Every structure is written in C-alpha cells, then in structure tokens.
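Hello,

Here is the structure I promised to pass on to you.

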Amino acid sequence: MAQPDQKKFFENLSGAGKAIAVLTSGGDAQGMNAAVRAVVRVGIYVGAKVYFIHEGYQGLVDGGENIEEAKWESVSSMLQVGGTVIGSARCKEFRTHEGRRAAALNLVLRGITNLCVIGGDGSLTGANLFREEWSGLLDELVQQGKIDKESAEKYSHLNIVGMVGSIDNDFCGTDMTIGTDSALHRIIEVVDAIVTTAQSHQRTFVLEVMGRHCGYLALVSALACGADWMFIPEMPPADGWEEQMCTKLSENRARKKRLNIIIVSEGAIDTSNKPITSEHIKDLVVKCLGFDTRVTILGHVQRGGTPSAFDRILASRMGVEAVLALLEASADTPACVVSLCGNQAVRLPLMECVQMTQEVQKAMDERKFEEAVRLRGRSFENNLNTYKLLAHRKPQSELPISSFNVAVLNVGAPAAGMNAAVRSAVRVGITEGHKIFAVNDGFEGFAKGQIKEIKWGDVGGWTGQGGSLLGTKRTLPAKHLEKIAEQMKANQINALLVIGGFEAFECLLQLTEARSRYEEFCIPMCVLPATISNNVPGTDLTIGADTSVNAIVQTCDRIKQSASGTKRRVFIIETMGGYCGYLASVGGLAAGADAAYIFEEPFDIRDLQANVEHLTAKMKTSIQRGLVLRNENSNENYTTDFIYQLYSEEGKGVFDCRKNVLGHMQQGGAPSPFDRNFGTKIAAKAMLWISRKLKETYRKDEGRVFANTDDTACLLGMRRRALVFQPVVELKNETDFVHRIPKEQWWLKLRPLMKILAKYKTSLDVSESGQLEHVVRHRRPEESEGVPA
C-alpha cells in the first residue's frame, strides 16, 4: 500500500487534449455496455474527448458516421442492457494491411491515439498488431498525401488497452472475463427450471452448453447444479467411460434420485479426439438403461439477457482501470489488458496473455490435458479439483479409514449458498473417511441434541436450494455451553464446521474462550462466512452476498423501467445489511444509482441538499430518472421516510418521488451461480483443513483429539487474492462488535467509482493502480478464485 505522501489521486490525472475511442469486437457478451459506459464517463470526467466506434473493427475501417463522439447522456440506461449497444462485427478488412491503414487514417483525422478494445483474444491480438504497425502506417499515409508530416509526428504512437469480453472465460491471465457470470446465470436458470419437470417424470437431461475450446461454463455449471456427469475438452473421459457413466446413473436412480443431469461442453472430446455429442450421450443412456432422456441445447440463450451484478461491477471497475492505463501510457508502455486477479483489478501485458491462451490450445492439440488445465490458471484448476472431489462417490473399500466425527451446522440468518456449502462439506468429509453429523437449528438445536448422522445421498439436490435446509438460529452458545459440551461428548464430536454470518464468528470466539473450562471444545473448529450483509471480519466476501446484490439490482432495474413512461421521477430504495453498507454501495454501483447512504460514511443535511440539487440538475437533461439507495441503519434520524419527504419537498415542480423498502426479498430465492460455486469450494477447502488438523491434534497415547491452540479455531476468508485460514482470536482486533462490522472494509474504495459514474466530483485513491504485472505461470497453492466486487 502506498504511504500517504506517495498517494496518487484520480483527480490529479488529466485527459485534457487527449482523445479515447472505445469499440466492442468479436462475439458479444453481457456486461460490455457497462464497460463502454465506464470508459465514456470516466474519460469525459477527466476532460478527454471520447468516441464510440460502432460495429467493431468494421466501423474503424469504414469510418464516417461509425466514429461518433460520445456524450455523458449517450450511455444512460446502458448498464442493464445485454449484448453491446455500439455493435460488434467480424471484420475481414482489418486483417489486411490496407484495412489497418484505412483505420489509422480514420483515427488520425479525429486526433484519436488511445484505443480501448473490448473483445476476445482475436480482437486483442488484432489491436496489438495495429499498434505495432502504427508508425509505419502513418508514414505510408504521409507518402500517399492523406495526412501531413505534422499530424504524423503529433499522433506518432497509439496506446492500446484491452478488456476481455467473452462468455467462455477462455482468456489466460484473468480469473473472470466480462460476460461469463451472466452466461452462468442463464445456464443455471435453465437447469433449475428443468429440475422441476425432470423430477415429475423421472427423466435424464443432457444439457449442451457453449465452450468450443474451453470447458469453463460446463465445469462451473456442473459444480453449481451438482450434475451427475460432465464432459469438457480439457478432461476427456477415460476409455470405458460409457459403462462407468451408465453405472453411476443407475446407482443414483436406485437411491431414489428422480432425475439425472449430464452437462456437455460443445467442444467435448474423447481420448481418441472424437467429439462427444449430446445426441450420442442420449442414445447411449436410452440404449443401455432405457431411461426417458431429453436433450437441451442452450445455444445463444447463454449470450442473451441482462448482465448479472457481478458482470456490471467487473466491467465498471475494468472500464475505470482502462482509462487510468490509457492516461498513464507512454510510447514505451506495452499494450495491456485489464484483468481480475482474486478481488483485484490488475494490468497485464496483452501479448503475454494472448501467448499463454495460445499455449493452452497447443497443449490441447498435443493432448497434454494436464498441462492445458494448469495453463488455464488456478481458478479453472480449483474448480476442476473440487468437481473431482464431489462428483464421484468412492466405494467404501477405497475410503481412508478414519474414526473421526465432524459436526456441521448453520448459524445466523439464512443466506443463499448455505446448502451448497453443507452438501460440499458432507461429501468431502465422507470422502475423507469421517462420519458427518448434521445439527438442526444452530447451537440451540445442538444443546437440545438435534444431531444425527448425515449420509452422501441425504444432500443430493441441495446446491440449488435457497435458505438453510438444516435450519438456522441466531442463538449464541454462551447460555448453553454445558449442554453443548455434553452433546459433543455423547456424540463423540471431534471437529466442528460452522456456516453462518457474524453470529457464527461470535459463536466460535465463545467456544474458543470456553476451552479452558470445557475440554470438549478443544477440537479443530472452522467458520465459513455466510450472510447477505457481507459484514464478517477476515473476508472480502461472504456466501449469499452475491445473490442478494443480484436481487437488489433486478428490482432496481424493474423500478427504473416502471418510470420509463413517466417524466422526472426519483426512487428512494432501502436495502438490508444492518450497519454494513455493502449491499447499498455495491448494489448502487451495479444499478447505476445517483447516491447510496451508508453508516460507514456519515452524511448530514448539507449532503442530502447537495444530492437533491445534483438530481435537479440531472432532471433538466435528457436523463429523467434518479435512483437513491439507503442502507437500513445508515442513520437513525435520516430515515428512509425522512429522505423521501425531503426529496419530495425539495424536488417539487422538478421531479416526484417514490420509495421502496426491499426487505426480506433480499434473503430469499435460489442462490446465484457464484454463491453455489463459492460455497461449494470453500466448504471443500475447510473440510480438507479439518482433516489435516484432526491428524495433527490426535494424541495416540490418549486415543483422542486435543486442540487448544489459536490456529485450530479459524475462519476461512477471501483476502484480496488468497483464501486464508485466520484464527478467530486474531480477528477480534479487526472487529467493531457494537456495529457488527469489520473495522476496515475493502469495498469502501468502490464508492468513489459510483460517484464519478453519477457525475459527482470526488476523490479517488489510485495508488494501487498502474503497476503492470506479469502473467504468473506456476500455481500458487493457497490462492483463490476471482470474485465479484
């Protein structure tokens, strides 16, 4: 982190005299419009001229009306629209030298020397070649008399920054590409709908998803829906797979499972490099098992629809970073691509990423599949390892022999993704050889002895279920310590996995502090943070928060749409979150809010007045809708009603107001693909940690587990780029217990982005930006998944 005197602020960067052009190229992807909007608004904010290039590289070659100056209002209402509003096209001419020369002329005539390209690896490779040829192209244009020498000197170098827009997530160097999360939303919506019909009829469904060269969508959707079988190009099934698959399907059916789901990537192959098609799989199941089998090919449905909250935030963050990179670029700066690493936006040399992406294809062609998976990066590899752990139930004879009993319970309010975490923990625990016990109704149920063994088949179909199937209560163990200790002894519990929110963290603290009085608590214990509020110390993100942000954003979209026929209306929306402003802030960024009031950023009547004046000015433009979010506990006096009445009074004659309290709608519903996946992966990681700690703390001479050190009671959290086990005792100092929030919260850095995109002058610390990193080739074992903001 930069020292205060070295801090670099966004407002000190000037784009005066610079021109930036933005284009979208190749296949469209949801979220591209959010990226375009961010580039346009941030570019204008710093004083640069910004241009749209319509129809991708084709528009660049053709010029004319295809290159249009963008205004602030030009990108209004773009955030929630899928596809790309400025158009995309495949362009043969740009692949020729003449085509690139025509494109260079069109840019020079408008003084554009900064190009932001949003597309796949082909589009970005083309941009890099264009940059390398730039000075030669200008020399040719001077010789042809199309531009003068002064222009050639003035515009002597072209800066390129790329953002990857691709639903396949097939670009190396970034954990997630723009559009991937939205495509997963489409797939999971279809799977959830199919589950209901398939269960009615005892059917097998074969689902074909996109991904000609990359199996990411198939892999993550298989994890997120607990598919019975999966086919991806990076992992051709071993010879004899037909028989294995049919055996597994019939075993599942025999265990009263009413449906089977098989997910196939469109590029799936066998060991002989022959395609494995969905029709072939269907015929096989019908022939061998006689099951009623249907095929669903999702096709372009996956590209369509509104972008998810994740993609809007990812694209907005990347758009801001792209403009920063262009403002700081010099003739010596290589073309870079803005990527997501863990929870951080980073810049990487474009050609390093393209080269590595091409190496993946080379490894695939040479049938070096393990190498291809490694090159895909840790995100892909982690997903694949988790899938392998969970997908195939080993026979009892192959399981390690363990005499350990592990209890799993939910604590706090329900959060989407809790059930996926429980399922994963149960199955990984069984694979490790342990007996897993489920506790109903949290520590209250524990004290009452609501504990029973839970088996592999008991958690089938849990990933897509919202809420908590185990039942959850907010009760802390302090009042029931003696009874809980008795139950632990009676059931011989050797380890504990607690999945829940702030209360779960407090519970583990209480149990840890009671170890000196009760030996029963001297066992390995782990908390998985799961709450919509995202207010747990020690983690950037909690299970359930992503689903909740999506619920808020979908509602805001509908509310904004309801005003499309009404002139000049401002909506005041109250979100949940206790004292934590995460939902209001991140929901506001994803929904395009004008303001978000939160507890962590105190505000007074002058701020409210300034916001009203800002909205009044906005209503005099062509944008005649306003959106204001308020966190439920942001201020005890400036209530939602107060703000609504103030805005209504001050806005009289200019705009009218409506208010909406979202309430428990934010807690319900099916978990998002991200929450299913995140819950599944961190629960698997936690169970492997518990196994390791059980072995380390087992005292052979006494025949029991004894763990009383701080590092045996941990919280597993996502910290920037890594998943980390942190002793709960150490997290005490990072916690504001009165307001039930961490003392420092990373997402507060995102708030200035929302203000800038809503046209407020504000201060944004960009000290951590601007470091061009390199693509990491080796695997760093403790590092984590790309996560949404």
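Glu55 counts as partly exposed because its relative accessibility is 35%, where buried means under 20% relative accessible area, exposed over 50% and partly exposed in between (1.4 Å probe, protein chains only). Glu55 lies in the loop between β2 (49-53) and α2 (56-62), and although not a glycine, Glu55 has a positive phi of about 60 degrees. Elements here are DSSP runs numbered from the N terminus: helices are H or I with at least four residues, strands E with at least two.

Before going further, please keep in mind that this is a predicted model, in which local features need pLDDT of at least 70 and side-chain atom pairs count only at pLDDT 80 or more, while totals for chains, interfaces and linings use all residues. Residues are numbered from 1 along each chain as its sequence is written, and side-chain values use heavy atoms, with hydrogens and water left out.

Asn273 is another residue other than glycine with a positive phi, near 70 degrees. Asn273 sits in the loop between β8 (260-265) and α9 (278-289), and is partly exposed at a relative accessible area of 46%.

Now to the helix pairs. The axes of α3 (residues 97-109) and α4 (residues 121-143) are 9 Å apart and the helices pack at about 80 degrees, which makes α3 roughly perpendicular to α4. Axes are lines fitted to C-alpha atoms, for helices over the stretch in contact, and angles run from 0 to 180 degrees between N-to-C directions; under 35 degrees is roughly parallel, over 145 roughly antiparallel, 65 to 115 roughly perpendicular and the rest oblique. The α3 residues in contact (heavy atoms within 4.5 Å) include Arg100, Ala104 and Val108, and those of α4 include Phe130, Trp134 and Leu138.

For α20 (residues 605-619) and α21 (residues 640-650), the axes come within 10 Å and cross at roughly 45 degrees, so the two helices are oblique to each other. Among the residues that meet are Leu608, Val612 and Leu615 in α20, and Phe642, Leu646 and Tyr647 in α21.

Lastly, which residues are buried in helix α12? In α12 (residues 369-376), they are Phe369, Ala372, Val373, Leu375 and Arg376. They lie on the same side of α12, because they cover an arc of only 165 degrees around the axis, taken from the directions from the helix axis to the C-beta atoms. Their cover includes α11 (350-365) and α13 (378-391). After α12 comes Gly377, with a positive phi near 110 degrees.

Best wishes
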